[in-house]
Number of protein chains: 2
Amino acid sequence: MEKEVFIFGHKKPDTDSICASLVRERLDKKNGWNCTVAKRLGKVNKETQYVLNYLHIEAPEMIDEVEEGQEVCLVDHNEFKQSVEGIEKAKILSVTDHHRIANFETAEPLYYTAKPYGCTCTILFEEYKTFGHEISKEEAILMASAIISDTLLLKSPTTTEHDKKALTELEKIAGINIEEYGLEMLKAGTDLGDFSEAELVNLDAKEFEKDENRFVIAQVNTVSIEDVLKRQEDLEKAMNSEIEKKGLQLFAFVITDILNSNSEIIALGNRTDAVEKAFDVKLENHRALLKNVVSRKKQLLPNIDKNM
Amino acid sequence: MEKEVFIFGHKKPDTDSICASLVRERLDKKNGWNCTVAKRLGKVNKETQYVLNYLHIEAPEMIDEVEEGQEVCLVDHNEFKQSVEGIEKAKILSVTDHHRIANFETAEPLYYTAKPYGCTCTILFEEYKTFGHEISKEEAILMASAIISDTLLLKSPTTTEHDKKALTELEKIAGINIEEYGLEMLKAGTDLGDFSEAELVNLDAKEFEKDENRFVIAQVNTVSIEDVLKRQEDLEKAMNSEIEKKGLQLFAFVITDILNSNSEIIALGNRTDAVEKAFDVKLENHRALLKNVVSRKKQLLPNIDKNM
């Protein structure tokens with residue numbers, strides 16, 4: 001039997017990471033490449049679970065690490081810190097991604113497709129077009145869900161014309177009302193009630209490295225920032241414990257209001273000055289309101305990174 | 001006036017680096033993107049000059065460095081060590097390449113197209129197909145020349161089915177006999193007579209970094225290894241001077257016989273053991289014959305890198 005090639009998105013997978021790995025597998029098969037199998041690097045979040053339930057499909061199998069020489073295809077990430085344990089010794093055959101490239105390297109040439117779009121699934125949508133493959137209803141809903149999630153229903157500043165065009169076409173194939181479906185899906189993801197504070201600060205946390213500085217930007221979506229802030233004290237305890245455990249210079253926890261497109265940031269560590277400089281704000285009680293800031297990739301990361 | 005976006009290949013440009021930048025500019029224009037302009041990071045070599053003379057076109061303008069914030073598109077390389085001075089502060093909009101990815105990073109998302117093919121121009125050829133653009137005779141000869149150069153007329157182990165398919169189709173469009181044209185072109189590049197030894201060891205030299213180790217693999221093509229070896233003593237002086245100047249652990253100078261597809265390697269520095277281990281050879285008088293070795297990317301670099 002042919003050896004399996006693993007496809008996976010980043011740790012703490014979001015909807016794009018899960019959907020892109022499932023779609024990548026389906027697309028590979030249409031191209032006659034049958035050995036790739038979608039995997040995931042963590043718990044399925046509630047927003048993604050809504051999508052899987054809607055389609056009556058199972059989540060990809062979870063893996064913790066890969067063995068030396070394991071062949072892998074990355075989607076929705078490239079930085080090793082966000083990838084599977086053992087990635088340095090794996091053989092990366094392809095990357096399909098929409099993020100900056102950093103802390104990534106290979107020993108040999110590979111397929112790498114990055115485009116500065118709002119969502120990995122928009123790139124995959126264009127790949128279907130290039131190869132002339134038809135898109136099934138299931139594939140359309142997987143890709144549409146990822147685009148809705150990453151662009152907050154096309155309202156995030158990461159949204160490009162390519163994402164809009166893809167979502168319009170996917171809506172037709174899916175035969176659903178994207179506004180209605182999307183809002184239900186996003187709301188499902190904002191149900192934070194049964195997470196502990198330690199889980200909340202890790203739910204969608206990404207770790208970055210700048211020179212010798214390590215920092216984390218974590219984000220949760222909500223329809224009521226106030227509700228989340230009621231737990232600030234315990235959230236800070238959880239953040240400080242992460243700072244200690246990982247030797248971080250900064251932990252930024254971002255609570256994003258998906259209805260009004262604002263965020264409240266809580267920043268701890270000895271480099272919170274980077275957050276203040278990045279957004280020209282003064283932290284009070286460790287936090288500040290960031291007006292019209294919703295995107296980690298386009299707004300939070302580049303501005304904080306610049307000031308680290 | 002719109003600001004110019006520079007397109008360029010690697011330092012010490014070979015035929016693929018020059019041709020790919022010229023073709024990338026032409027392809028961008030066909031896509032309605034008029035602000036990109038081909039540049040080059042060094043002297044045009046004799047093989048490439050043969051191509052430019054054949055087509056009666058000028059080489060791209062030479063640049064030494066770029067200013068902070070300059071927008072650039074890289075072809076045929078990604079490693080910063082092989083790129084223009086100032087690349088760390090430039091804004092990289094796109095990369096089109098067929099090498100491993102290493103020592104490369106961006107602050108923001110970008111277009112990145114890598115495929116593990118023998119030549120960058122084969123990737124560009126497929127891009128014409130994707131966009132449905134016609135290929136002119138001039139574009140066909142530029143791309144064919146790069147493929148012939150990088151794959152030594154499809155004989156290098158880097159050659160893929162994609163390169164073969166592209167060259168077959170480009171031959172038809174170009175309306176020339178590829179075997180005849182290609183051999184003339186390759187031979188033009190082996191005329192090393194009027195280069196000093198210092199020039200020879202730098203002609204097609206690429207610098208790499210592994211952990212704290214820096215090493216250079218330089219390569220020249222010839223139809224007579226013996227002729228080049230007559231200059232071994234002076235070549236070694238030039239290599240030692242590079243080792244001192246750049247603080248290298250290893251300088252490998254590879255003389256490749258393009259007719260018989262073998263190479264002779266001269267290795268100096270305190271890590272020549274990496275070469276011996278890489279190819280299971282014993283260096284005598286600082287050199288060894290590497291049977292059927294012709295490719296830096298596929299044979300020399302991965303094997304030496306592994307043993308550094």
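Start with the largest cavity, which holds about 680 Å³ of space. A cavity here is a set of points on a 1 Å grid over the protein atoms alone where a 1.4 Å probe fits but cannot get out, and its volume is the space filled by probe spheres set on the points, with points joined across faces, edges and corners. The count comes to three cavities of 30 Å³ or more. You are looking at a predicted model, in which local features need pLDDT of at least 70 and side-chain atom pairs count only at pLDDT 80 or more, while totals for chains, interfaces and linings use all residues. Residues are numbered from 1 along each chain as its sequence is written, chains are lettered from A and ligands numbered from 1 in the order in which they are written, and side-chain values use heavy atoms, leaving out hydrogens and water.

To find the middle of the largest cavity, select B:Asp14, B:Asp150, B:Asp204, B:Gln219 and B:Arg296, which lie nearest its centre among 40 lining residues; lining residues have an atom within 4 Å of a point. Next, colour α2 (46-55), α4 (137-151), α6 (178-189), β7, β8 (213-222) and α11 of chain B, the elements that each give two or more residues to this lining. Helices (H or I, at least four residues) and strands (E, at least two) are DSSP runs, numbered from the N terminus. The lining of the largest cavity divides into ten nonpolar, 16 polar and 14 charged residues.

Now move to the second largest pocket, with about 1,000 Å³ of space. A pocket is an open set of points with protein on both sides within 12 Å along at least five of seven lines. Which residues lie nearest its centre? Select A:Glu88, A:Thr106, A:Ala107, A:Glu108 and B:Asp305, out of 33 lining residues. The elements giving two or more residues to this pocket's lining are β5 (91-97) of chain A together with β7 (205-210) and α11 (296-307) of chain B. Of these, α11(B) gives the most, with seven residues. By class, the pocket lining has 13 nonpolar, six polar and 14 charged residues.

Time for some rings. The whole structure has 15 aromatic pairs over all chains, counting rings of Phe, Tyr and Trp (its six-membered ring) with centres within 6.5 Å; planes under 30 degrees apart are stacked, over 60 edge-to-face and the rest tilted. Zoom in on B:Phe104 and B:Tyr112: their centres are 5.5 Å apart and their planes at 80°, so the pair is edge-to-face. B:Phe104 is buried at 4% relative accessibility, and B:Tyr112 is buried at 0% (buried means under 20% relative accessible area, exposed over 50%, partly exposed in between, with a 1.4 Å probe and protein chains only). Then select A:Phe80, A:Phe104, A:Tyr112, B:Phe80, B:Phe104 and B:Tyr112, which ring pairs link into a cluster.

Finally, select A:Lys39 and A:Phe6. The charged end of A:Lys39 sits over the ring of A:Phe6, 4.9 Å from its centre (NZ of Lys or CZ of Arg within 6 Å of the ring centre and within 35 degrees of the ring normal). In chain B, the charged end of B:Lys39 sits over the ring of B:Phe6, 4.9 Å from its centre.

Key
Nonpolar A, V, L, I, M, F, W, Y, C, P; charged D, E, K, R; others polar.
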